[in-house]
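Dear colleague,

Please find the structure we discussed placed directly below.

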Amino acid sequence: MSINQKSYDYGASRSSIREIAAYGAARKAQIGVQNVFDFSLGNPSVPAPDSVRESIERSLSLPATQLHGYTPAAGLPIARKAVADSLNRRFNTSYDPGDVYMTCGAAASLSITLNAIVNPGDEVIVIAPYFPEYRVWIEAAGASCVEVLADTTTFQIDSDSLHSALSERTKAIIINSPNNPVGSIYSRERLKAAATVIRECERELGTSIYLLSDEPYREISYGAEVPWVPSIYDRTIVCYSYSKSLSLPGERIGWILVPNTNPDHESLLAAVAGAGRKLGFVCAPALFQRVVADCVDVPCDVGAYERNRAILTEGLLRLGYEFIEPQGAFYLWLKSLEPDSVSFFEKAKAFELLPVPSDSFGCAGWVRVSYCVGHKTIVDSMPAWERLAAAYRP
Ligand code: PLP
């Protein structure tokens with residue numbers, strides 16, 4: 001075959017999350033939606049706010065050529081300004097609209113950023129457990145993916161492990177807080193410790209290392225502070241999306257921020273524009289850039305996820321399960337009742353429970369329970385969780 005082998009491999013092997021979701025859909029068709037407890041996907045169950053609909057309706061009265069026309073490659077000036085102004089209000093910064101590049105969601109934000117910075121032979125570190133698509137995007141950009149295990153009691157960044165993995169080949173580190181799959185939020189203290197380690201390494205090796213802060217869950221915190229990473233580490237680039245905060249995953253809209261405090265600001269902005277062009281990821285969806293301009297400060301309705309979190313954690317705790325208390329996002333990191341999480345998943349599946357085994361995220365012994373589902377699904381799933389726990393009792 002003369003086609004690209006790597007692309008073929010990515011396409012031929014579906015992500016295990018998608019695999020489980022496809023099984024869930026087929027199973028629901030077979031035995032009824034109400035009988036399958038599908039905790040596989042991170043598809044928000046909270047509807048997009050009314051202000052999104054209102055913004056779309058307002059935009060529809062624009063002349064069609066204006067509404068549907070190409071935007072500038074980096075995005076509409078009104079959208080970029082709205083994003084920069086909002087960040088400046090919230091984080092006491094002085095970003096310019098020109099520092100913002102509008103994208104088709106966090107996937108594009110990360111792909112563009114990686115393509116903007118890596119050269120063949122570079123390494124990009126991910127903190128395991130991690131969102132599995134990171135590896136695909138890193139390798140597609142021509143770098144290799146290096147996994148560094150988080151501190152497995154708190155699932156915060158383990159600075160010692162990070163230190164051991166840093167080398168002259170390290171170009172970047174991807175961090176994600178609030179975190180998918182764990183639901184942890186990296187504390188200011190731990191981020192500062194990681195930043196110190198990275199700076200020391202840069203000095204010793206004479207290299208520059210970027211921190212890519214992937215933040216689609218920034219707005220979904222249950223009280224803990226989500227520190228603004230560029231204020232902790234200068235060479236940060238922020239990748240954002242409205243997939244979760246405004247429940248718009250299908251609309252593909254987000255942005256990249258190259259903060260003006262990043263010492264490589266000018267060249268990075270040019271490289272981001274070049275990578276967007278190289279990948280064909282220019283002109284993010286025009287209608288939803290207008291939505292961003294209108295809705296940038298609309299709060300995320302965290303309440304529904306908070307209620308789901310409460311009922312799920314209380315129920316599972318009562319049944320004797322162990323898990324990491326989720327501080328943000330909408331995922332619960334549940335300890336597998338046997339060392340092999342795939343085997344645990346197979347047993348759960350027999351009770352119509354569909355979490356995702358942790359091996360998919362580069363970490364053994366856990367499953368991810370995605371609780372952005374209807375409240376009733378969680379309530380109704382409890383007897384199944386009980387039967388699963390009972391199956392492990394002697
Ligand atoms: N990063 C993380 C951590 C995610 O969980 C997701 C989606 O679930 C993405 C990136 C991709 O987001 P988007 O749908 O905006 O491309």
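The notes below take up the ligand site and then several individual residues.

This is a predicted model, in which local features need pLDDT of at least 70, side-chain atom pairs count only at pLDDT 80 or more, and totals for chains, interfaces and linings use all residues. Residues are numbered from 1 along each chain as its sequence is written, and side-chain values use heavy atoms, with hydrogens and water left out.

The ligand site

The ligand is surrounded by 14 residues, and the closest are D214, Y217, S241, S243 and R252; a residue counts here if one of its heavy atoms lies within 4 Å of the ligand. By class, this shell holds six nonpolar, five polar and three charged residues. In that scheme Ala, Val, Leu, Ile, Met, Phe, Trp, Tyr, Cys and Pro are nonpolar, Asp, Glu, Lys and Arg are charged, and the others, Gly among them, are polar. Helix α6 (residues 105-117) gives the most to the shell, with three residues. Helices (H or I, at least four residues) and strands (E, at least two) are DSSP runs, numbered from the N terminus.

A polar side-chain atom of S243 is 2.6 Å from a ligand oxygen, and for S241 an N or O atom of the side chain is 2.7 Å from one. Taken alone, the ligand exposes 390 Å², of which the protein buries 90%; accessible areas come from the Shrake-Rupley method with a 1.4 Å probe, and for residues only the protein chains shown count as cover.

S213 is in strand β6 (residues 210-214). Its relative accessibility is 2%, so S213 counts as buried; buried means under 20% relative accessible area, exposed over 50%, and partly exposed in between (1.4 Å probe, protein chains only). The side chains of S213 and E215 are joined by a polar contact of 2.7 Å. Such a contact is a pair of N or O atoms within 3.5 Å; within protein, one must be able to donate a hydrogen and the other to accept it, and residues adjacent in sequence count only if both atoms are side-chain atoms.

S16 belongs to helix α2 (residues 16-31) and is partly exposed, with a relative accessible area of 31%. Although S16 and S360 are 344 residues apart in sequence, their C-alpha atoms are 6.7 Å apart in space.

Backbone features

Most residues other than glycine have a negative phi, and most peptide bonds are trans. The model contains exceptions to both patterns. A cis peptide bond joins S177 and P178, with omega about -5°, and another cis bond, with omega about 20°, joins N180 and P181. P178 is in the loop between β5 (170-176) and α9 (188-205), and P181 is likewise in the loop between β5 and α9.

F155 has a positive phi near 60°. This residue lies in the loop between β4 (144-149) and α8 (159-165) and is buried, because its relative accessibility is 2%. E352 also has a positive phi, of about 70°, although it is not a glycine. E352 is placed in the loop between α13 (341-350) and β11 (353-354), and its relative accessible area of 14% makes it buried.

With kind regards
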